[in-house]
Amino acid sequence: AMIKVAGTLSKSTDVMQEVSALIKVPELQQNMMEMSKEMMKAGLIDEMVNDALDSALDTDDLEEETEAEVAKVLAEIAGETMASLPTAQAPQEEAAQEEPEEDEMAQLRARLDAVK
């Protein structure tokens, strides 16, 4: 068992030496640090761009102000319209609408009686 462990450790050491020869650890470390810095810059730039776009396109307040102005204008128009309408005409219009309905009903009843 000890011989197998010693053989495995020997092979492991050989593999580590070959990997070390193939990969330049200081150079890899430097590349990784540069890559980390670039990724951090890209993240910061991305965040700054997103913040700038969010603040430039922040339309929530603008929408609320617009809705308030539209409501004011509509209320003003409705007030003017209501003020200009005469109040006495409303009952006359209702009575005028009821008469044709009664005439229509009488005609329909006459037609129904004729069919029977």
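**Contacts, surface and confidence**

Mentor: Start with Glu38, which forms a salt bridge with Lys41, the closest N and O atoms being 3.8 Å apart. A salt bridge here is a side-chain nitrogen of Lys or Arg within 4 Å of a carboxyl oxygen of Asp or Glu. Bear in mind that this is a predicted model: local features need pLDDT of at least 70, side-chain atom pairs count only at pLDDT 80 or more, and totals for chains, interfaces and linings use all residues. Residues are numbered from 1 along each chain as its sequence is written, and side-chain values use heavy atoms, with hydrogens and water left out.

Trainee: Where do Glu38 and Lys41 sit in helix α2 relative to each other?

Mentor: They are 3 residues apart in helix α2 (residues 25-56), so about one helical turn separates them. An α-helix has 3.6 residues a turn, so residues three or four places apart point the same way.

Trainee: New topic. Which residues make the nonpolar surface patch?

Mentor: Val15, Val19, Leu22, Ile23, Val25, Leu28, Met32, Met35 and Met39 make a patch of about 890 Å². The elements giving two or more residues to it are α1 and α2. Patch members need over 30% relative accessible area and no salt bridge; like charges are joined within 9 Å, nonpolar side chains (Val, Leu, Ile, Met, Phe, Trp, Tyr) within 5 Å.

Trainee: Which element gives the largest share?

Mentor: α2, with 5 residues. Met32, for one, is in helix α2.

Trainee: And the overall fold?

Mentor: The protein chain has 4 helices and 0 strands. Helices are DSSP runs of H or I, at least four residues; strands are E, at least two. Buried residues make up 0% of the 116 residues. The chain exposes about 11,000 Å², with 61% of it from carbon and sulfur atoms.

Trainee: How far does α1 reach?

Mentor: Its 21 residues reach 30 Å from first C-alpha to last, close to the 30 Å expected at 1.5 Å a residue. α1 is hardly covered, with 0 buried residues.

Trainee: Which helix has the lowest mean pLDDT?

Mentor: Helix α4 (residues 89-115), at 72; helix α1 (residues 2-22) has the highest, 87. pLDDT is the predictor's confidence in each residue, from 0 to 100. The chain mean is 80, and 84% of residues reach 70 or more. Where pLDDT is low, the predicted coordinates should not be read in detail.

Conventions. Accessible areas come from the Shrake-Rupley method with a 1.4 Å probe; for residues, only the protein chains shown count as cover. Buried means under 20% relative accessible area, exposed over 50%, partly exposed in between (1.4 Å probe, protein chains only). The expected span of a helix is 1.5 Å times one less than its number of residues.
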